[in-house]
Protein chains: 2
Amino acid sequence: MEFSSKLLENAVYEMSQLPGIGKRTALRLVLHLLKQPKEQTSRLADALVGLKNKVKFCKSCHNISDTELCEICSNPRRDESIVCVVEDIRDVMAIENTSQFKGLYHVLGGKISPMEGVGPQDLTIKPLVDKAKEGKIKELVFALSSTMEGDTTNFYIYKQLEDLDIKTSTIARGIAVGDELEYADEVTLGRSILNRIPFENSLKA
Amino acid sequence: MEFSSKLLENAVYEMSQLPGIGKRTALRLVLHLLKQPKEQTSRLADALVGLKNKVKFCKSCHNISDTELCEICSNPRRDESIVCVVEDIRDVMAIENTSQFKGLYHVLGGKISPMEGVGPQDLTIKPLVDKAKEGKIKELVFALSSTMEGDTTNFYIYKQLEDLDIKTSTIARGIAVGDELEYADEVTLGRSILNRIPFENSLKA
């Protein structure tokens, strides 16, 4: 792509460094900003730089927060004996949206993935184990992606906590609500038969 | 969507103001930036603000340029008697990539679209007519989108130039190279029959 302006080329290049944004999309976005009032661009720039410079992570659950302790961790009505382990803050938002979980969270910041060079020391596993050793946690709910990396991470944490008296569980895997059996893959279907639940339980939610 | 941080919410909101970027994508992009070194965010912010503050438009063709007169307009090897009228700078880039056009451009900055409140006075039509009256232009090539708005704009400019001795042409509409006739729409196919060209001409490009 040949640009008529270095400034434009530079802006498009920086924009195209974002994931899923190619050169063409970047050009479209940058030209859109050019047509908008100047304030929109400076608001976007300030918001991004401001976030990056001032962002804080909750010292207990490692979720993004504006305060030392996030709103969830500092809420006295949440049950601190049950902690849900998630990969990143998007998962916290997703689970919060269901209104089905009243405990606290722990954000790992990723999954163990040797292929991508992510080891246990790159995640917040140690703070989680330390927190567990304090004895307040009774149950740990693993809510990681149902992939090889997710399962590895679950197992690694599980092993670290073996000596402690903590119940561990994992969110149910099975047929998604509204899905047709016909189109479900065999592994999911197989597991959903092995892990079948009493019918009365399915009437609750 | 509930955010655990106002800073994050603000950054996601500003990002989602860009066209084609919804809240979810905005969140993904912002969280990606958070994981990257600080410099990446500041480079992106600087590039956008810098472009917006320092951008210049070529005083002749209205293309984005770092100089008063853009590289194309100031190139003595380009034929200034033939001017290609395009909608925006992306079209200049697209036509330049073909290496088939050796004249100059004129960037309108949009199309006449009453539905979107864009009238002739919002585009660079007057400068184009003034340029045409100077008498240097011999041919005007309309290269706007083949839509109702594009055709309206073509016709409006054509009417403005009626009294001048300027040849006007429009880029060929027809079956795209590599396309199967079976899948072409009727209007395109009908027009491509009406506007058929001598077979020898098709051998040139």
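**Two helices crossing**

A: Helix 3 of chain A and helix 1 of chain B cross in a left-handed way (the near helix is turned anticlockwise from the far one by less than a right angle; helices are DSSP runs, H or I, of at least four residues, numbered from the N terminus). Keep in mind that this is a predicted model: local features need pLDDT of at least 70, side-chain atom pairs need 80 or more, and totals for chains, interfaces and linings use all residues. Residues count from 1 along each chain as written, chains are lettered from A and ligands numbered from 1 in written order, and side-chain values use heavy atoms, without hydrogens or water.

The two axes come within 9 Å and cross at roughly 150 degrees (lines fitted to C-alpha atoms over the stretch in contact, with angles from 0 to 180 degrees between N-to-C directions). Helix 3 of chain A touches with A:Gln40, A:Arg43, A:Leu44, A:Ala47, A:Leu48, A:Gly50, A:Leu51 and A:Lys54, and helix 1 of chain B with B:Leu7, B:Leu8, B:Asn10, B:Ala11, B:Glu14 and B:Met15 (contact means heavy atoms within 4.5 Å). That's eight nonpolar, three polar and three charged residues, with Gly counted as polar.

Now zoom out. A:Glu14 pairs with B:Arg43 in a salt bridge, closest N and O atoms 2.9 Å apart (Lys or Arg side-chain nitrogen within 4 Å of an Asp or Glu carboxyl oxygen). Overall, 51 residues of chain A contact 51 of chain B.
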